[in-house]
Amino acid sequence: MRAGRRAPGRVAVHLLLWGYAVVALLPLVIMVLNSLRPTGEIFTAPLGLPASPTLHSYRQVWTEASFSTYFLNSLTVTCGAVLLGTVVSALAAYPLARYDFFGNRVLGAYFLAGLMLPIRLGLVPIFYLMDSMGLIDSLLGLTLLYAASGVPFCVFVLSAFYRSLPGELDEAARIDGAGEFRIFGRIMLPLVRPALASVMLFQFVPLWHEFLYPLVLLRSDEKFTIPRGLSQFFGEYTTDWSALFAGLVLATAPLFVLFVLATKQIIAGLTAGMSK
Amino acid sequence: MVQARELSAPRRRAARTGAGRRYVPRWRVLAVFLLPALLLYSVFIVYPLVSALDYSFFEWRGIRQVGFAGFDNYRDLLGIYPYDEQLWRAFAHNALFFAGTMLIQTTVGLLFALLLFRYGRGKRFLQGAFTTPYLVDPLVVGYLWSLLLNPMFGPVNALLEAVGLDSWALPWLGDTRTALPIVVLVNAWQWVGFPMLLFSAALAGIPAEYHEAARVDGASAWQAFRRVTLPLLTPAIGVVSVLTFIGNFNAFGLVYAMSGSTGSPAGSTDVLGLLFYRVAFVEGGVEAIGRSSALAVLMFVFIFGVSMLATSYFRRRERKLV
C-alpha cells in the first residue's frame with residue numbers, strides 16, 4: 001500500500017535527478033560533438049550530431065593556434081611548481097611538527113596565515129617584484145610564484161600527517177645513531193607518501209586553471225599557458241566555432257584524464273590520514 | 001653513565017630529550033629544513049601582500065612614489081569619477097552574484113543530496129554527473145556558455161525554438177537585464193556539485209536513531225527535516241556559505257570569459273575582480289599603483305572580515321546544538 005502511494009513521487013524524483021544529469025553533462029557533450037564538426041555545419045544546425053566526425057579542428061588548433069606550445073608551457077610550469085612547492089613544504093613541515101625549538105609556534109602561524117590571505121591581491125607588487133628580477137614574461141617567474149602559493153596549504157596538511165606518526169620511530173633511529181636527514185628521508189618521508197600524492201593533486205588543479213597571473217605576467221605567445229593562450233585564441237578565432245570548441249576540449253581534457261587516473265590515489269591519501 | 005661521554009652528539013641529544021619530549025635540533029639542521037620554504041613564501045607571497053598595504057598609502061606617478069598620501073587613495077576610490085560609480089556597482093554585482101549563487105546552489109544541492117541519500121542504482125553516476133562541471137576551468141566554462149548562449153548560432157536558443165519557445169530565444173548575454181542572472185546561473189551550474197557532496201557527507205553522518213526517534217514521536221517528514229536534519233546540517237551550510245562567499249568575491253575568470261574585462265554589456269556584469277584588474281593594469285593611469293593597492297586592501301578587509309564573522313556565527317550555532 002505504502003509503495004503504491006509513493007509511486008508518483010518516485011517517478012518525479014527519477015525524472016528530476018536524471019533530468020538534471022542531462023543539464024549538467026549536455027553542455028560538455030555539445031562541446032565535444034561540435035569540436036568534431038566543421039563550422040559551417042554548426043552554424044546551419046546548432047543542435048545536430050556530427051555527420052562525418054573529423055579531427056581537423058584539433059590538428060588546426062594544436063599546430064596553427066600553437067596549443068601544443070601552450071600545453072607544454074602549462075605542463076612545465078604546473079609540474080615544476082607542484083614539485084618545488086611540495087619538496088620545500090615537506091622539508092619545512094617536518095621540524096614544525098616534530099622538533100622543539102624557539103619560535104616553532106610563531107613560524108607555524110606565519111605559514112598558516114597564507115591560507116587565509118587572498119594572495120592575488122598582491123598582484124601589483126608581484127608585477128614590480130618580477131620586473132625588478134627580470135622575471136616578466138618568464139616561465140621560471142611563474143613557476144616560483146605558483147610554487148610559493150602552494151606552500152601554506154602543503155605545510156598545513158603535511159605537518160598534520162608528520163604529527164600523527166608515532167614518536168618512537170625517530171627516537172629509536174636516533175639511538176641507533178642515524179642522522180636527522182637520514183631519519184627524515186628514510187623513515188618519515190616514505191610514511192607520509194600518500195599525503196604527498198594528494199597534496200600534489202590538490203595544488204595541481206588551481207594552478208592548471210590560474211588565469212590572472214599569466215594574463216598580467218606573460219607577454220609573448222610562445223610563453224603562454226593554456227588559460228592565457230585560450231583567451232588570446234578566443235579573440236583571434238571568433239568565427240571559427242569548430243576550432244573554438246576543439247580548443248575548449250583540449251584545455252579541459254588533461255584534468256579529466258588526471259582525475260580518472262588519480263581518484264583512487266586521492267581517496268587512498270585521504271583515508272590513510274584519517275585512519276591514524 | 002660513564003658511557004655518556006663516548007656517545008656521538010646526536011645520541012647525546014636524543015638521550016637528553018628522552019621519551020615523550022620532542023627533539024631539540026641544531027640550528028644548522030633546522031635551517032636546511034626551513035629556509036627554502038621560508039624564503040619562497042616570504043618573497044613571493046608575504047612581501048607582495050605587505051607591499052600592497054604600503055603602496056596604498058603613497059601617492060604615485062607611474063612607478064615613482066612622490067609622497068605620503070595617507071588615506072587619499074582610498075578617498076579617491078570612493079569619491080572620484082569613474083571609480084565612485086564603478087566601485088559600488090561592482091560591489092553590488094558581487095553581492096547579487098553571491099546571493100544568487102548561494103540561493104540556487106544551496107537549495108538545489110541540498111535537494112539533490114536528500115533525494116540521493118536513499119537512492120538505489122545510479123547514485124554514483126548521478127553524483128559524478130552533478131560534480132563534473134566543477135572539474136572544468138571557470139574560464140573554459142565562461143567561454144563555453146558564451147558560445148552556447150550565442151543569439152545566432154547557439155544551441156540554447158536553437159533548443160528553445162525547437163520546442164516552440166521562440167519568444168524565449170533572447171540575446172541572453174547581450175541584454176543588460178539578463179546578463180548578470182545568466183552569469184549567476186552558469187556559476188551555480190558549475191558549482192552545485194560541491195554543496196551536494198558536502199551535504200551528502202553530512203547526511204551520512206547523522207545517526208539513524210535520530211530519524212527513528214522523530215518518527216516514533218509522530219513527527220511528519222517535513223517536521224523531521226526541519227527540526228532534526230536541517231539543524232544538524234548547520235556546519236556544512238556554514239562551510240558552503242563561507243567558501244562560496246570567498247570564491248564569488250574573488251571571481252575573475254568566469255566573468256572575464258563571458259563579458260570581457262569591462263563586464264559588458266555596459267558594465268552590467270562588472271565585478272570587483274575585473275575592476276581591480278582594470279584599475280591596476282588597463283585604465284589606472286599614473287595613479288594606478290596607489291589606487292589599485294587601496295582597492296586590494298579594501299577587498300581584503302571586507303572579504304576577510306565577513307568570512308571571520310560568518311565563521312564565528314556558524315560556530316556559535318553549532319555550539320547551541322550540542
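How exposed is A:Asp137, and how many other C-beta atoms lie within 10 Å? I looked that up before anything else. A:Asp137 is partly exposed, with 15 other C-beta atoms within 10 Å. (Buried takes 20 or more other C-beta atoms within 10 Å of the residue's own, exposed 12 or fewer, partly exposed is in between, and C-beta atoms are placed from the backbone.)

**Ground rules.** I am working on a predicted model, where local features need pLDDT of at least 70 and side-chain atom pairs count only at pLDDT 80 or more, while totals for chains, interfaces and linings use all residues. Residues are numbered from 1 along each chain as its sequence is written, and chains are lettered from A and ligands numbered from 1 in the order in which they are written.

Most residues other than glycine have a negative phi, and most peptide bonds are trans. I noted that A:Asp137 has a positive phi of about 55 degrees without being a glycine. I found A:Asp137 in the loop between helix H6 (123-132) and helix H7 (139-164) of chain A. (Helices are DSSP runs of H or I, at least four residues, and strands runs of E, at least two, numbered from the N terminus.) A:Ser66 also has a positive phi, near 50 degrees. That residue, A:Ser66, sits in the loop between helix H3 (56-63) and helix H4 (67-98) of chain A, and A:Ser66 is partly exposed, with 18 other C-beta atoms within 10 Å.

In chain B I went for the cis bonds. B:Tyr81 to B:Pro82 is cis, omega near 0 degrees, and B:Pro82 is in the loop between helix H3 (72-79) and H4. B:Ser264 and B:Pro265 are joined by a cis bond too, omega about 0 degrees; B:Pro265 lies in the loop between helix H13 (253-259) and H14.

**Chain B overall.** I count 15 helices and two strands. The radius of gyration is 27 Å, well over the 20 Å that the globule rule gives for 322 residues, so chain B is more spread out than a compact globule. (The radius is taken over C-alpha atoms; the rule is 2.2 Å times the number of residues to the power 0.38.) Its C-alpha trace spans about 95 × 75 × 35 Å along the principal axes. Buried residues come to 37% of the 322.

**Annotated spans.** UniProt (unreviewed entry) lists "transmembrane region" for several stretches of chain B, including 95-117 and 294-314. (Positions are in the numbering used here, feature names are shortened, and annotations may be inferred rather than shown by experiment.) I checked 95-117 of chain B: 100% helix, 0% strand, end C-alpha atoms 32 Å apart. For 294-314 of chain B I get 100% helix, 0% strand and 30 Å.

**Where B meets A.** Here 63 residues of chain B contact 68 residues of chain A. (Contact means C-beta atoms, placed from the backbone, within 7 Å.) H2(B) gives the largest share of chain B's side, 16 residues. That side divides into 51 nonpolar, eight polar and four charged residues. (Nonpolar is Ala, Val, Leu, Ile, Met, Phe, Trp, Tyr, Cys and Pro; charged is Asp, Glu, Lys and Arg; the others, Gly among them, are polar.)

Notes. Contact = placed C-beta atoms within 7 Å.
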